[in-house]
Structures are given as structure tokens and as C-alpha cells.
Amino acid sequence: MQTEEKRPRLSFWQIWNMSFGFLGIQFAFALQGGFMSRIFQTLGAEKDDIPILWLAAPLTGLIIQPIVGYLSDRTWHPILGRRRPFFFIGAVFSTIALFFAPYSSALWMAASSLWILDASINISMEPFRALVADKLPDSQRSYGFVVQTLIIGIGTWIASNLPWFMTQIGVPNTAAAGVVPDSVKFAFGIGAFVLFTSILYTILTTKEYPPEDLEKFEREKAASKGFFKGVKEIFENILDMPKVMLKLGVVQFFSWFAFFTMWTYATPAITEHIFKATDTASLAYNNAADSVGNYLGTYGLISMFFALILAFVTSKVKINRKLVHMLSLISGGIGFISIFYITEPWMLHLCFALVGIAWASILSMPYAMLSSSVDPNKMGIYMGIFNMFIVIPQIIASVGGITVTYKFLFGEDVIYTMVLAGTSLILAGFANLLITDRNATHDG
């Protein structure tokens, strides 16, 4: 892999090509986040039982992400390179799981589909993060992750609106009790196609740098081969993580607790509080749930536009990553809390517009800060370890963290989950003040 000094600056389209697979990954995340809770409710899950049905996915991510990062650092294939083999493996299994998820006929089947889907996405996703850091000099890191976020925003907006669009062209939006509507099934099928083809596009259009000294790379890999040596090395890297990573971990914890709360509770909270629809087999509920997907799409759309602005800015000037991230997270927190107070459904677009600003920053600024603070030869393992700070809050949320906290702090109504999400995101914003390393907070 080329050293920092030897990496050439890449054009917008080169960065676009190597990040394009994130379009499909985000299709999967948006469909999963916007509609898996709807599938769970359709199959008979109670509102307070939904988080536990999500538990297996983050638990698996906690294990898989560091392992995949470690393995990708140690991989070199003369044709597929370092990260792309993992793109392909993850794409195959993610595509299968995404296609079959809405055909589940029992809760355990839907939960298993979610587990397989999330585990498979993790195999592809973190090598994508590492690839940006592998290919770009430090001066382009913010720009590179922002372009990646632009693609993610496009994917979020389109995928979140797919069931609504299916309904508009005449695909049935209701089904018998306990059966997922065809509009959702069609949306997941389209998502599976986009997932596979977009990742394949990146694999075919992007080349990777080989290790600078291939013989040395192979010797070091041979010297440290073995399962127990690998586990030991992963744990050593966890214990020796840079201080910047640990501080960013605090920011990540509150950020992802907030978004996991949204993914698991936005549909029941908004359909009940705003649309007054609770019968999951009724036309009113399914129309309201489609509308929630449409409003959730707003945060993807705005994250896309915000990423466009950031892409333009970061291509021209150096930015203070910490300040951008702090203000963006606080804006998103205000958006979540505002959902409790609005009186008309159209106002949800304003709320989720603010959330979209936070989402764009979450997907770019922490990774730009991290990639400028760690050993480039361990970029994969550190990206994997870093994402433990994404899955740990999801695990805590799944085992009762959301339910207990929102009821204790605010009240019994499920809409208070959005207030909890907003509070958590504001805390994440202020946690950026912990980060003082200028290499992390400013473009190189």
C-alpha cells in the first residue's frame, strides 16, 4: 500500500466509483431501518418487544467488524486486492437476506433475516471505510468521506420512499393479517438488486494499492498466522486504541443510540402520535407507515444536499471537523425533539431535515477524524474496532435501554422515544469537546 506521501489526489469521479457500493449498502440499511419494525409489528410483535428483535444484529457486528478489519489488513489478492474480496462476499449474502426478509411468516424468521442481513452488510461496509483511507492523502480525507456520504444520502432517500412509490404505481399496500404487503416485498427486491450491482460496480472500477513491500508483508503475515495469534492481536489493538478513538467513541455511542432509537421506534411512534393509527392490519396504519418511510426519506435527501455542500467546501478549503460535527449533531437532536411538538404531518419534513444534517456528519466527520489519527497499515482493524462504538449502544438499546430510559425520563407514550433520541444526539454533539488533537479535528 502506498505511503501517505505517495498517494495522489483523486478526482471526484474516482472517489465516486470507489464509494458507489455504499449506494446498495445504504439501500439495505434504509429498508432495514425504516421497515423491519413494520414487518415485526405485522407479524405480531408488541411495540416494547421490537428492540429485542434487533439484538442479534448488533451482537454479531460486535464480533464480525474487528475480525473483518483484521483480515482485510492481512489480505492481498493480485486481482481483487485488499478490501474488494470482502465487498463481494458481503454483497452475496446481504442480497439473499434482503430479498427474503419480507417473505417471513413468523417473527423468528424475520429476526433471523435481519441478523443475516446485518452481519453480511458488516462484511462489506467497514472495508469500504478503510478503502477511502487507503486511497486518499490526509488532505482529501474529509472530502472523500463526504462524497461517500453523498452516495449514502441518495440511497437513503430512494430506499425510504420505495414502498410509497410501489403504492403509487398500483402495488397493493395491504395484505391479510400477519402478511407483509406486496409494496414492501417489491421494495426489498429492488433493494437487493441495487445492493449487489452497486458493490459489483465498485469492484470492477476501482484498483487498490498493493503493499509497498509485498515480500515483507507476506513474511509478517506468516509470522503472525494462526487463530489464537489473531485473537491476541485484535485484543491488543483494542486495549491500545488511540486516545482520539476512545473520545470519538463517546460521540459515536450517543449518536448511534439516537439513530437506533429512530430505526426501531419511528414507525410505531409517528403512526400512533401523528396519524392516530394503531391497527397494523388496517389501511390507515399501512398508509401511515408508508408516510413515515417518506418522511424518513427526507433525512436521506437532506443528508445528500448537506454532503454536496460539504463536498464543495472541503474540496476548496480546510475545515474544523470537530466544530462541523458538533453543530450538526445538535441540529439533529433538535429535529428529533421537535417531532413531539409538531401539529401537522408535513412538519415532519422539517424535523427530519435537521436529522439529515446530523446523519451526513455522522457518516463522514468521525471517520475523517479517526483515519488521520491511526496507523495506516492497521486501518482495517481500527475501522472495525471503531465500529464497536456503533454496535455497543445498539446492544444496550436492544436489551431495554430505550424502553427503560424513555419511560423513566419522559413518560409512557411511545412518542417519547423520539425525545430520547434527540436528547442523546445533543449529548453526542457536546461530547465533541473532548477531542483536542488537531490532527484529528482539522484537515491535513
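The largest cavity in this structure has a volume of about 220 Å³. The model you are looking at is predicted, so let's walk through it with that in mind.

**The cavity**

How many cavities of 30 Å³ or more does the structure hold? There are 3 of them. Rolling a probe the size of a water molecule over the atoms is a way to see where empty space is left. For the largest cavity, 23 residues form the lining, and those closest to its centre are F29, M125, W256, I390 and Q394. Which helices each supply at least two residues of this lining? They are α2 (21–42), α4 (56–73), α6 (107–135), α11 (243–273) and α17 (388–409).

In soluble globular proteins, nonpolar side chains tend to be buried together. Here, the largest nonpolar core has 132 residues, and M262 and F352 have the most contacts inside it. Helix α11 gives the most to this core, with 15 residues. Apart from it lies another core, made of 5 residues, including I64, V68, A119 and I123.

Take a moment to find F352 in the structure. Setting aside residues up to four places away in sequence, F352 touches M262, I270, Y295, L296, T298, Y299, F336 and I339. Notice that M262 is on that list, and M262 is also named with F352 for the most contacts inside the core.

**Helix α5**

Why does the length of helix α5 make sense? This helix covers residues 84–100, and at 1.5 Å a residue its 17 residues should span 24 Å. Its end C-alpha atoms are 25 Å apart, which agrees with that expectation. The buried residues in α5 are R84, P85, F86, F87, G90, A91, S94, T95, A97 and L98.

F93 also lies in helix α5.

| Residue | Relative accessible area | Class |
|---|---|---|
| S364 | 1% | buried |
| L354 | 28% | partly exposed |
| K276 | 64% | exposed |

S364 sits in the loop between α14 (347–362) and α15 (365–371). With a relative accessible area of 1%, S364 is therefore buried, as the cut-off for buried is under 20%. Leaving out neighbours within four places in sequence, S364 is in contact with F145, V146 and T149.

L354 is in helix α14. Beyond its neighbours within four places in sequence, L354 is in contact with S331, G332, I334 and G335.

K276 is found in the loop between α11 and α12 (283–316). What is the phi of K276? It is positive, about 55 degrees, although K276 is not a glycine. Most residues other than glycine have a negative phi.

**Apart in sequence, apart in space**

F93 and T314 are 221 residues apart in sequence and 35 Å apart in space, C-alpha to C-alpha. For L354 and S139, the separation is 215 residues in sequence and 28 Å in space, again C-alpha to C-alpha.

Note on methods
Residues numbered from 1 in each chain as written. Predicted model: local features only at pLDDT ≥ 70, side-chain atom pairs only at ≥ 80, totals over all residues. Heavy atoms only, no water. Helix = DSSP H or I, 4+ residues; strand = E, 2+ residues; numbered from the N terminus. Expected span 1.5 Å × (residues − 1). Buried < 20%, exposed > 50% of the residue type's maximum accessible area, 1.4 Å probe, protein only. 1 Å grid on protein atoms, 1.4 Å probe; cavity = no way out; pocket = protein on both sides within 12 Å on 5 of 7 lines; lining within 4 Å. Points joined across faces, edges and corners; volume = space filled by probe spheres on them. Core = buried A, V, L, I, M, F, W, Y, C linked by side-chain atoms within 4.5 Å. Contact = heavy atoms within 4.5 Å.
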